[in-house]
Amino acid sequence: VTVVGITGSVGKTSTKEMIASVVSQKYKVHKTLGNFNNEWGLPITIFEMDESHEVVILEMGVNHFGEMRRLSSVASPDICVITNIGIAHLEFFKTREGILQEKSQMIQDMKNGGSIILNGDDDLLSKMGPVKGVTPVLFGTNEDCQCYASGIVPMGLKGTACTIHLPDGEAFDCLIPTPGAHMVSNALAGAALGLTADEIKAGIEAHTTLPGRNNIISTGSLMILDDCYNANPVSTKAAIDVLDMAIGRKVAVLGNMGELGNNEKELHREVGEYAAKHGIDVVCGIGDLAKEITESAAKGASTETHWFAAKQDFLAEMHHIIKEGDNVLVKASHGMQFPEIVEQLKKFS
């Protein structure tokens with residue numbers, strides 16, 4: 001079988017789902033279930049394959065030096081995809097260069113004749129030269145990339161329209177049905193794998209999201225942006241960008257972001273400032289670190305803020321804050337267990 005390995009600081013799972021949607025237009029695909037991307041989950045995923053599968057798409061997540069080679073030596077990918085080099089897990093990797101060093105170890109276990117697909121909009125990845133004699137294929141939003149998008153038009157919570165240009169020079173228009181600028185990047189990663197334009201377009205437009213990951217839920221009373229599986233500063237700002245596309249009042253329910261190291265308070269404050277600058281009407285922070293978010297957001301002249309020490313405190317007051325017709329983003333690190341908030345919002349009336 002052909003093995004596609006995916007790693008990066010953020011967007012691994014949503015990129016995996018997009019690539020699977022594209023590749024399944026031609027092949028029988030097996031993929032990492034949910035977030036089974038560590039030293040337990042990767043072998044479980046592999047053992048669940050059967051003889052009918054032609055392509056397996058393996059997500060690989062690491063947060064300590066040395067972990068990637070243990071995963072990639074098992075996966076032995078034919079195609080290596082790196083989504084970006086952000087600031088997740090700085091507590092252990094210290095710098096973005098440290099993150100790049102560890103993530104790129106995946107390529108050392110790439111099979112002979114394999115290919116490398118990198119995000120050309122990332123300042124570190126775009127500078128990566130040939131590895132093991134293989135020159136990377138770049139995807140992004142600039143024409144210097146072999147696979148790029150132009151004419152990008154946000155369509156609110158309906159998604160994003162754009163024109164995708166393929167390495168062979170062919171181009172096509174499509175609607176990426178999940179909102180957010182980062183979903184354009186995910187779609188381009190799928191487009192860079194070498195299928196036909198028709199197959200790529202069909203796969204992108206058939207894409208659906210997973211619970212907790214940029215999942216739009218319309219209840220009739222609310223529009224919920226369920227992005228609560230995990231959070232770091234980059235992904236939270238991206239989720240705020242998506243919320244900013246909504247029509248109507250915008251509410252961000254944000255919790256602690258973990259594993260950010262010594263600058264954790266400053267990074268939380270940056271998120272609060274970002275929410276205020278992007279016109280988020282109400283910011284609710286839950287947890288000790290999220291207090292930094294609300295205090296920073298409160299400096300925005302038109303931003304209403306609320307802080308709660310614990311999730312249950314917010315749930316007790318939720319009906320006094322949320323109003324019918326609101327657009328509500330729910331996002332925090334996995335340990336905050338915010339899916340309960342999403343479930344309660346679904347019952348809102």
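Reader: Before we start, what are the ground rules for the numbers?

Author: This is a predicted model, so local features need pLDDT of at least 70 and side-chain atom pairs count only at pLDDT 80 or more, while totals for chains, interfaces and linings use all residues. Residues are numbered from 1 along each chain as its sequence is written, and side-chain values use heavy atoms, with hydrogens and water left out.

Reader: OK, the sheet. In what order do the strands of the open sheet come?

Author: General idea before the case: helices (H or I, at least four residues) and strands (E, at least two) are DSSP runs, numbered from the N terminus. Two strands pair if DSSP finds at least two bridges between them. Here nine strands form an open sheet with mixed pairing, and the order is β2-β3-β1-β4-β5-β6-β7-β8-β9. β2 (29-31) and β9 (171-176) stand at the edges with a single partner strand each, so one side of each has no neighbour in the sheet. From one strand to the next, the twist averages 20°; angles here run from 0 to 180 degrees between N-to-C directions, and axes are lines fitted to C-alpha atoms, for helices over the stretch in contact.

Reader: How many bridges join β1 to β4, and which residue in β4 is the partner of T7?

Author: Strand β1 (residues 2-7) runs parallel to β4, with four bridges, and T7 has I82 as its bridge partner in β4. Then β5 and β6 (residues 137-140) run parallel, joined by three bridges, and L118 is partnered by L138 in β6.

Reader: Why is strand β5 called largely enclosed?

Author: Buried means under 20% relative accessible area, exposed over 50%, and partly exposed in between (1.4 Å probe, protein chains only). Four of the five residues of β5 (residues 115-119) are buried, so the rest of the structure largely encloses this strand.

Reader: Now the loops. Where is S76, and what is its phi?

Author: S76 sits in the loop between α3 (67-75) and β4. Its phi is near 45°, a positive value in a residue other than glycine. With 23% relative accessibility, S76 is partly exposed. K132 is another such case: this non-glycine has a positive phi of about 55°, lies in the loop between β5 and β6, and is partly exposed at 44%.

Reader: And helices? How do I describe two that pack together?

Author: Two packed helices are described by the angle between their axes and the distance between the axes. In this model, α1 packs against helix α7 (residues 197-205) at an angle of about 130°, with axes 7 Å apart. Angles under 35 degrees count as roughly parallel, over 145 as roughly antiparallel, 65 to 115 as roughly perpendicular and the rest as oblique. α1 and α7 are therefore oblique to each other. The contact (heavy atoms within 4.5 Å) is made by M18, S21 and V22 of α1 and by E199, I200, G203 and I204 of α7.

Reader: Which strands does α1 lie across?

Author: Helix α1 (residues 12-23) lies across β1, β2, β3 (55-59), β4 and β9, and runs at about 170° to β3.

Reader: Is E17 in that helix buried or exposed, and what does E17 touch?

Author: E17 belongs to α1 and counts as buried, at 9% relative accessibility. Leaving aside residues up to four places away in sequence, E17 touches K31, T32, H207 and L210. A polar contact is a pair of N or O atoms within 3.5 Å; within protein, one must be able to donate a hydrogen and the other to accept it, and residues adjacent in sequence count only if both atoms are side-chain atoms. The side chain of E17 makes such contacts with the side chains of K31, at 2.7 Å, and K16, at 3.2 Å.

Reader: Which side chain makes a polar contact with the side chain of N186?

Author: T15, at 2.8 Å. N186 lies in helix α6 (residues 181-191) and is buried at 5% relative accessibility. Not counting residues up to four places away in sequence, N186 touches G11, S14, T15 and M18.
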